[in-house]
Amino acid sequence: MELIIGPRTYSTWSLRGWLIMKRTGADFGVIDVRYETEAQKAALREVSPSGFVPVLRVDGEMIWDTLAIGEWAAEHYPQARMWPADPVVRALARSATAEMHSGFSALRTFCGTGPNRPMVGDSRSETPSDPALDRDLARIVALFRQMRGRFGADGPWLFGDWSIADAFFTPVAARVRHFQIDLADHGDDGVASAYVQSLLAQPDFRLWETEALT
């Protein structure tokens with residue numbers, strides 16, 4: 001198996017796919033690619049059906065969407081418990097993951113990552129301000145508070161045990177840190193901020209950050 005990823009300092013979707021694959025415990029190779037220039041983008045299209053990252057190459061096939069990689073990993077490595085065992089909790093975890101997968105466009109726009117806005121290390125950017133971003137952040141805080149309020153007794157993650165949902169929200173935590181966002185300004189009573197800190201301290205993310213910086 002090979003996972004094709006973008007620059008580790010700012011490729012948020014690559015981070016999600018990598019965290020998922022690390023959780024499986026499987027042996028997989030990593031191919032780092034870049035896509036700043038037209039030549040690099042053309043080269044990426046040669047190995048990625050969509051022209052985006054991450055891509056998982058396995059058994060002669062290419063799986064080219066992060067959520068699809070997550071579902072593949074959950075099916076092939078059930079011992080990793082990628083989703084909650086309880087059907088209702090699993091449906092909630094999938095809902096939260098899907099919302100992150102397709103939503104929060106203002107967060108992506110105003111808190112975008114890039115070569116000069118890395119999601120790793122000590123670099124910080126000025127906190128942006130926009131009504132649409134405020135709405136996204138308020139929704140994220142509400143989601144974190146609601147799920148942690150229901151499942152916090154079962155573990156430190158969004159639904160108690162670590163799940164694909166946590167992989168999807170890890171880059172959000174990195175954005176909160178980089179853009180110095182005070183979640184208290186968006187309705188947090190400390191629960192969402194504590195969850196953000198748990199994501200940033202998670203060992204696999206710390207390993208990713210170390211590798212990105214070196």
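**Salt bridges in a predicted model**

Author: D189 forms a salt bridge with R145, with the closest N and O atoms 3.1 Å apart. The pair links distant parts of the chain, 44 residues apart: D189 sits in the loop between α7 (164-178) and α8 (191-201), and R145 in helix α6. This is a predicted model, in which local features need pLDDT of at least 70 and side-chain atom pairs count only at pLDDT 80 or more, while totals for chains, interfaces and linings use all residues. Residues are numbered from 1 along each chain as its sequence is written, and side-chain values use heavy atoms, with hydrogens and water left out.

Reader: What is a salt bridge here, and how many does the count come to?

Author: Side chains of opposite charge can pair when their charged atoms come close. The rule asks for a side-chain nitrogen of Lys or Arg within 4 Å of a carboxyl oxygen of Asp or Glu. By this rule the count is 9 salt bridges.

Reader: Which parts does the salt bridge of R139 and E99 tie together?

Author: The R139 and E99 side chains meet at 2.9 Å, N to O. R139 lies in helix α6 (residues 131-151) and E99 in helix α4 (residues 87-102), so the pair ties together parts 40 residues apart in sequence. Helices are DSSP runs (H or I, at least four residues), numbered from the N terminus.

Technical notes: Helices (H or I, at least four residues) and strands (E, at least two) are DSSP runs, numbered from the N terminus.
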